[in-house]
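Subject: Handover of a structure for your study

Dear colleague,

Please find below the structure that I am handing over to you. My notes on what was found in it follow directly after.

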Amino acid sequence: MGTDVSTQQFSGADRVRFRKQVSRGTEAIARMLADGLFTDHGAPPEPLLGMEVELNLVDDEMNPAMANAEVLDAIADPDYQTELGQFNIEINVSPRPFVDNDTMSLEQRLRTSLNRAEQQATRVGTHLVMIGTLPTLRTEHFAHQWISANPRYDLLNQQIFAARGEDIEIDIAGVPLGEHHVSERLHTSTDSILPEAACTSLQLHLRVAPEDFAAHWNAAQAIAGVQVALAGNAPFLAGTALWHESRIPVFEQATDTRPLELKNQGVRPRVWFGERWINTIFDLFEENTRYFPALLPVSTDVDPLAELDAGRIPALEELRLHNGTVYRWNRPVYDVVDGQAHLRVENRVLPAGPTVVDTMANAAFYYGVVRGLVEADRPLWSQMSFNAAAENLHAGARGGLESQLYWPDVGWVRPDELTLRRLLPLADDGLRAFGVSSKARARYLSVIEGRCVTRQTGSVWQRRAVAAREQAGEDRTTALRGMLADYVTHMHEGEPVHSWTL
């Protein structure tokens with residue numbers, strides 16, 4: 001979840017110093033861009049696919065298992081790390097070449113790693129679940145005591161509440177489970193940011209040349225609504241049927257540092273889609289510096305501009321720490337490896353799961369469509385307003401495949417129709433441009449096509465399964481546990497979600 005920091009108190013002087021360091025880091029970015037100091041400047045880097053997959057932990061009864069420390073000890077693999085909630089862990093998949101059949105070897109590596117981790121987790125009475133929100137989470141699981149032991153998480157919790165000055169309110173009106181159902185509503189308050197931990201995601205990284213960053217970020221923003229509609233896998237939280245991809249509103253509300261008065265003033269939220277198309281990555285770092293106060297104002301004594309003057313590439317620790325607490329759905333990432341700086345787009349809109357092949361399909365579709373849009377003769381983002389892209393995100397998250405999204409030259413269209421007519425061929429072209437083999441392209445894009453044809457995503461399957469169980473006489477708690485047990489069985493069988501039956 002970010003750089004580790006120790007528990008501490010922050011003074012006004014700490015905040016002033018941190019703000020200055022972040023500002024100087026932003027100046028350093030500007031100089032590095034102007035002077036061509038990024039390793040990928042002037043030439044596209046070798047395409048690498050990197051991802052982080054967040055996982056939930058459950059016991060044999062499908063209830064949340066507050067055991068991430070024990071599970072990580074049992075797994076004993078540095079690829080697996082702690083996450084915010086004690087019912088979460090994360091696997092970091094090392095970047096691999098995005099060419100030929102390497103995507104398929106990555107799929108096998110991920111599957112093997114997760115199978116091994118599951119075997120080790122069962123030794124401490126837990127199981128791993130790849131899902132957007134754990135449907136058996138209840139409001140009592142959001143109590144402060146269930147925050148992971150890493151001091152960073154508790155410190156972040158303290159700082160968000162210090163900025164907000166009051167409990168966090170979660171208020172979401174859901175989508176009816178069927179034509180004979182009414183809309184449900186989750187309205188609760190909490191004294192911790194743990195509802196954020198309910199939002200388990202797939203995070204995709206793409207390293208790009210500085211001069212190409214804006215086009216890739218704009219493309220990623222433009223397709224966010226389609227992504228969540230096609231991949232929705234988070235329909236339930238706290239016993240309530242919410243959106244097809246409930247992670248979006250839950251995450252937005254769970255880390256909101258603004259009390260009502262600041263919302264009414266139009267102060268920007270920490271979980272932010274943005275407000276405009278960009279021309280350079282510098283636009284994003286500058287916005288983060290100008291608009292957002294520090295949450296974790298931990299400073300070093302290193303002057304990034306002095307580092308540049310001395311001919312060294314600065315780590316920009318303050319800027320990176322600050323950047324990590326502005327939760328853009330597509331986040332700019334500055335990183336230094338072996339003394340050389342590079343830039344990445346981090347895509348954060350997708351949920352985890354349901355299966356490894358679904359995860360790989362979601363990644364392939366994203367990378368392919370982004371590449372196709374970047375290479376188009378006329379940029380898509382020059383043909384639609386930024387507000388339309390933002391509205392698409394919330395529409396796709398709420399209604400899934402039933403939503404209506406706006407698309408240039410098409411108008412209002414369902415995401416499955418748009419994908420079949422326009423985006424699958426575009427994704428195929430984009431993946432071909434990356435060098436992905438025809439076999440890999442067919443394998444993953446056929447999964448996306450299957451969801452569109454059957455009109456079944458992870459969210460659709462979960463909602464149908466719970467509705468069927470309730471119609472058979474089960475109460476909501478029993479139905480959610482039974483559905484999740486069936487989900488875990490399907491997940492381990494590994495067939496893509498569009499082929500699942502009830």
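Predicted model: local features only at pLDDT ≥ 70, side-chain atom pairs only at ≥ 80, totals over all residues.

Asp409 is found in the loop between strand 14 (405-407) and strand 15 (411-413). Its phi is near 65°, a positive value in a residue other than glycine.

Residues are numbered from 1 along each chain as its sequence is written, and side-chain values use heavy atoms, with hydrogens and water left out.

The protein as a whole

The protein contains 17 helices and 15 strands; helices (H or I, at least four residues) and strands (E, at least two) are DSSP runs, numbered from the N terminus. The radius of gyration of the protein is 22 Å, close to the 23 Å that the globule rule gives for 502 residues, so the protein is as compact as a globular protein of that length. That radius is taken over C-alpha atoms, and the globule rule is 2.2 Å times the number of residues to the power 0.38. Along the principal axes, the C-alpha atoms fill a box of roughly 70 × 50 × 45 Å.

Of the 502 residues, 59% count as buried. Among contacts with a separation of 6 or more, 76% come from residues 24 or more positions apart, where contact means heavy atoms within 4.5 Å. The accessible surface of the protein comes to about 19,100 Å², and 47% of it belongs to carbon and sulfur atoms; these areas come from the Shrake-Rupley method with a 1.4 Å probe, and for residues only the protein chains shown count as cover.

Helix 15 and its surroundings

Helix 15 (residues 438-454) has 17 residues and reaches 23 Å from its first C-alpha to its last, close to the 24 Å expected at 1.5 Å a residue. The expected span of a helix is 1.5 Å times one less than its number of residues. Buried residues in helix 15 include Ala440, Tyr444, Leu445 and Ile448, and also Arg441 and Arg451. Helix 15 is followed by Arg455, whose phi is positive, near 60°.

One of these covering elements, helix 6 (residues 224-231), holds Ala224. At 0% relative accessibility, Ala224 counts as buried. Not counting residues up to four places away in sequence, Ala224 touches Phe273, Val349 and Leu393.

Pro351 lies in strand 13. Is Pro351 buried or exposed? At 1% relative accessibility, Pro351 counts as buried. Leaving aside neighbours within four places in sequence, the contacts of Pro351 include Gly132, Thr200, Leu202, Asn233, Glu245 and Arg247.

Pro354 is found in the loop between strand 13 (340-351) and helix 12. The peptide bond from Gly353 to Pro354 is cis, with omega near 0°. For background, most residues other than glycine have a negative phi, and most peptide bonds are trans.

Leu137 is placed in the loop between strand 4 (127-129) and helix 4 (151-164), and at 0% relative accessibility it counts as buried. Leu137 and Leu237 are 100 residues apart in sequence and 6.3 Å apart in space, C-alpha to C-alpha. Beyond four places in sequence, Leu137 touches Pro64, Phe87, Ala198, Leu237, Ala238 and Gly239.

Ala238, one of the residues that Leu137 touches, lies in the loop between strand 8 (236-237) and strand 9 (240-241). Ala238 has a positive phi of about 55° although it is not a glycine.

Finally, Ala34 lies in helix 1 (residues 12-35). At 64% relative accessibility, Ala34 counts as exposed. Ala34 and Ala215 are 181 residues apart in sequence and 18 Å apart in space, C-alpha to C-alpha.

Yours sincerely,
A colleague

Terms used: Buried < 20%, exposed > 50% of the residue type's maximum accessible area, 1.4 Å probe, protein only.
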